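Here's a quick briefing to read with the model open next to you. Have a look at the fold before going through the points.

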Amino acid sequence: MPPTVESTLPNLLSFCRTYEHGSFTRAARALQVTPAAVSRSVARLERTLGASLFRRTTRELRPTALGRAYYDKCAAALALLAEAEQELADSSGGSGGVMR
């Protein structure tokens, strides 16, 4: 069974934060997890996609051309999700609760 969006989303967030912060350590701080957890999430996403998103050396982490293109699409998608959440929060007028 292929991976689902639900199973891929945490890995996608790790990838985007790593891309934005330029390192697993800084991404981990932003996500409040360990650098190893971020590294594993990015590696899982790369396996799922069958593509390398970063070029890794002992001193450097640089996005590949595929990684840059993928980030552009992912960042746009995450921005749309954040916008949708904000619109929902704004329109709810403070009325919350569980629908039954």
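This is a predicted model: local features need pLDDT of at least 70, side-chain atom pairs count only at pLDDT 80 or more; totals for chains, interfaces and linings use all residues.

Residues are numbered from 1 along each chain as its sequence is written, and side-chain values use heavy atoms, with hydrogens and water left out.

**Overall layout**

- You'll find 4 helices and 2 strands in the protein; helices (H or I, at least four residues) and strands (E, at least two) are DSSP runs, numbered from the N terminus.
- Going along the sequence, the order is α-α-α-β-β-α.
- Of the 100 residues in the protein, 24% are buried (buried is under 20% relative accessible area, exposed over 50%, partly exposed in between, with a 1.4 Å probe and protein chains only).
- Take the contacts (heavy atoms within 4.5 Å) between residues at least 6 apart in sequence: 46% of them join residues at least 24 apart.

**Helix packing**

- Two packed helices are described by the angle between their axes and the distance between the axes.
- Here the axes are lines fitted to C-alpha atoms, for helices over the stretch in contact, and angles run from 0 to 180 degrees between N-to-C directions.
- The axes of α1 and helix α2 (residues 24-31) come within 8 Å and cross at roughly 120°, so α1 and α2 are oblique to each other (under 35 degrees is roughly parallel, over 145 roughly antiparallel, 65 to 115 roughly perpendicular, and the rest oblique).
- On the α1 side, Leu13, Ser14, Arg17, Thr18 and His21 meet Phe24, Arg26, Ala27, Ala30 and Leu31 in α2.
- Next along, the axes of α2 and helix α3 (residues 35-49) also come within 8 Å, crossing at roughly 105°, and α2 and α3 are therefore roughly perpendicular to each other.
- Phe24, Thr25, Ala27, Ala28 and Leu31 in α2 meet Pro35, Val38, Ser39 and Val42 in α3.

**Aromatic rings**

- There are 6 aromatic pairs, where rings of Phe, Tyr and Trp (its six-membered ring) pair if their centres lie within 6.5 Å, and planes under 30 degrees apart count as stacked, over 60 as edge-to-face and the rest as tilted.
- Phe15 and Phe54 have ring centres 5.5 Å apart and planes at 55°, so the pair is tilted.
- That pair links distant parts of the chain, with Phe15 in helix α1 (residues 5-21) and Phe54 in strand β1 (residues 54-56), 39 residues apart.
- Phe15 counts as buried because its relative accessibility is 0%, and Phe54 counts as buried at 4%.
- Phe15 also pairs with Tyr70: the centres are 5.6 Å apart and the planes at 45°, so this pair is tilted.
- Here too, distant parts of the chain are linked, from Phe15 in helix α1 to Tyr70 in helix α4, 55 residues apart.
- Tyr70 counts as partly exposed because its relative accessibility is 24%.
- Ring pairs join Phe15, Tyr19, Phe24, Phe54, Tyr70 and Tyr71 into a cluster.

**Thr64**

- Look for Thr64 in the loop between β2 (61-63) and α4 (65-92).
- Thr64 is buried because its relative accessible area is 10%.
- A polar atom of the Thr64 side chain lies 2.8 Å from the backbone oxygen of Ser52.
- Leaving out residues up to four places away in sequence, Thr64 touches Ser52, Leu53, Phe54 and Arg55.

How values were computed. A polar contact is a pair of N or O atoms within 3.5 Å; within protein, one must be able to donate a hydrogen and the other to accept it, and residues adjacent in sequence count only if both atoms are side-chain atoms.
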